[in-house]
Amino acid sequence: MRLEFDVVVVGAGHAGCEAAVASANMGVRTCLITMDMNKIAQMSCNPAVGGIAKGQIVREIDALGGKMGEVTDACTLQFRMLNRSKGPAVWSPRAQCDRGKFIWKWREVLDNTDNLRIWQDCVCELTTKLTDDGMRIVTGVKTIWGAEISAKCVIITAGTFLNGLMHIGRKKIEGGRIAEPAAKGLTESLVDCGIRQGRMKTGTPVRIDKRSVDFSLMERQDGEEGWYRFSYLDSQSSLPHSHPELQHLPCWLCMTNEKVHEILKSGLADSPLYNGQIQSIGPRYCPSIETKLHTFPDKDFHQLFLEPEGETSNEMYLNGFSSSLPMEIQIDALRQIPCLKNVEVYRPGYAIEYDYFDPTQLNHTLESKVVKNLFLAGQVNGTTGYEEAAGQGLIAGINASLSCKGKDPFILHRNEAYIGVLIDDLVTKGVDEPYRMFTSRAEYRILLRQDDADMRLTEKSYKIGLASQERYDRMITKREKIENIIRFTENFSIKATYINKDLEKIGTTPLERGCKLIDLLQRPGITINNMRQCIRTFDEFLQNELEMCSNNFTSEILEATEIRIKYQGYINREQMVADKMMRLENIKIEGKFDYPNMSQISIEARQKLATINPKTLAQASRIPGVSPSDINAMLVLLGR
């Protein structure tokens, strides 16, 4: 056995799996180290992938050649497109998954990836050396079982395991996840290298036995049927084994009530969140039930969603009831909800504290500024969510591989991907609470839609050797089909007398004069599908154009085309704004200013700029505390 690798990935959660597969698929010898090979890519909390902005990240991961989308599609129990009532800029796919099958599908992917080894162990130390110029550089890792593994690059994706401490009421147990040990020593090793560390908190709800639930007293929520999925690939060819479609299952909705709240409040004295037992900060946008009571004291009820954990499992996840209250308080409160009056639980909810590292100490490649060839991704960077972790892991894996080959880094900008927004926010602004992605964080979200992630990213990934030929060819075909359909609509003329009867049936205003088909498709309520039913020539053209495409691919092409036609004006305007900002991205400032002695800018700006040391003027402009006048002063100084 050779314990010598190009890249070592520490931790096999969502970030670690994506990092390891990306690195190995780019041709470098990779080792993935995990404490438990049977819990790879474990969904520690909600057994779902996607959601608002998170769904866009998953589609970007897939467009780049990552695996999260494909694995999710193989394990989906329910699919929904969120925000349908709003514009396509914020449409967000979400899938409820089979937790157990998700783990084993990922394991199949890892086991069938060339250049990838799995090592079951726990890393306790980072090994480094000093270069001639005094820079610290990674040489490998050491494990609790005495293995010394050498590497050119190391990626830390340890999730919540670094000095993890779990809380249920006043009970505290060390661990990185329920029934799993914490990882000791690695934090201290990184701190010894000069990397700043902090503590964060997250939590998870009670797990319920569905046999004890009265579903007749709950509101049923079914998913969407149709072509929707995460992966742009239209086949199962890139996964190691074919898979049957799983049974589609509903989710269920119920409400808390005043009696529930009274019991929960009676336990607050024993809540680690309020008795001083937990000092670290939890996620603002996924609060515990006790935090909801404190934040919204006038609310008489809160929504709870009961979600399936697996196709054949009795275990269900109670979304909205995250808690670290004593277990008897949690159970007594639940039994005040009519549908849960006889509820039986598998385990109570709990909170967990863990170590993270200040992400402003990272470059946009996710490489440390302090230790060369050390990359960090996922919750260790202060984020929360499987999708945010997987996106970071993919970028870290790509850049570690490129570093081993001596090639230029791979960086996504804010106008290119939600992953670019995520990483730029982390390394530029830092975090003071677990970071979660939202569409509102992206200033160019009409450019970052879920329908066109492949158009934005697949070619970039193909050029660096990650995206497959199949994926690239499919993207080129899709682009050509969209352009051909748009060109047809721009050139095809319609007479008012020919179409007005059909427009009246659809419920839209008749034409006063003839127009091009594209002008008609830009109207609200007019779709490609209802126009093809009205215009035989258009229908025949589409049938010929899409003849060799599958039903799924056809639906995807038509939806993407329709979005392009209806929103082209908005897309063009936002692209102009993004292009202007890119001019500042091209102005390099690293090493050009002595920030502490710059009297032309504010004291706050000097301090922030010295800490972050931005690479470009655009990055400097996004640092909190750096004002537009500070940027103007820096532009003047650059001119001099």
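Contact here means heavy atoms within 4.5 Å. Helices (H or I, at least four residues) and strands (E, at least two) are DSSP runs, numbered from the N terminus. This is a predicted model, in which local features need pLDDT of at least 70 and side-chain atom pairs count only at pLDDT 80 or more, while totals for chains, interfaces and linings use all residues. Residues are numbered from 1 along each chain as its sequence is written, and side-chain values use heavy atoms, with hydrogens and water left out.

Start with the helix pairs. Two packed helices are described by the angle between their axes and the distance between the axes. Axes are lines fitted to C-alpha atoms, for helices over the stretch in contact, and angles run from 0 to 180 degrees between N-to-C directions. Angles under 35 degrees count as roughly parallel, over 145 as roughly antiparallel, 65 to 115 as roughly perpendicular and the rest as oblique.

Take helix α9 (residues 386-405) and helix α10 (residues 418-429). Their axes lie 10 Å apart, at an angle of about 85 degrees. The two helices are therefore roughly perpendicular to each other. On the α9 side, E388, G391, Q392 and I395 make the contact; they meet I419, L422, I423 and L426 of α10. These residues divide into five nonpolar, two polar and one charged. In this count Ala, Val, Leu, Ile, Met, Phe, Trp, Tyr, Cys and Pro are nonpolar, Asp, Glu, Lys and Arg are charged, and the others, Gly among them, are polar.

Now turn to helix α1 (residues 14-25) and helix α4 (residues 99-111). Their axes come within 11 Å and cross at roughly 20 degrees. α1 and α4 are therefore roughly parallel to each other. H14, C17, E18 and V21 of α1 touch F102, W106, V109 and L110 of α4. Six of the residues in this contact are nonpolar, one is polar and one is charged.

Next come the strands. Strands of a sheet pair through backbone hydrogen bonds, either parallel or antiparallel. Two strands pair if DSSP finds at least two bridges between them.

Strand β1 (residues 4-10) runs parallel to β2, and four bridges join them. V10 stands opposite I33 in β2. Five of the five residues of β2 (residues 30-34) are buried, so this strand is largely enclosed by the rest of the structure. Buried means under 20% relative accessible area, exposed over 50%, partly exposed in between (1.4 Å probe, protein chains only). T30, L32 and T34 point one way from β2, while C31 and I33 point the other way.

Three strands form an open, antiparallel sheet in the order β3-β5-β4. β3 (48-50) and β4 (76-82) stand at the edges with a single partner strand each, so one side of each has no neighbour in the sheet. Neighbouring strands are turned by 15 degrees against each other on average, direction ignored. Six bridges join β4 to the antiparallel β5 (residues 92-97). Here Q78 stands opposite Q96.

Strands β10 (residues 165-168) and β11 (residues 171-174) run antiparallel, joined by four bridges. They form a hairpin with two residues between them, and G169 in the turn has a positive phi of about 60 degrees. M166 stands opposite I173 in β11.

Finish at E545 in helix α16 (residues 536-545). E545 is buried, with a relative accessible area of 15%. Not counting residues up to four places away in sequence, E545 touches K481 and N484.
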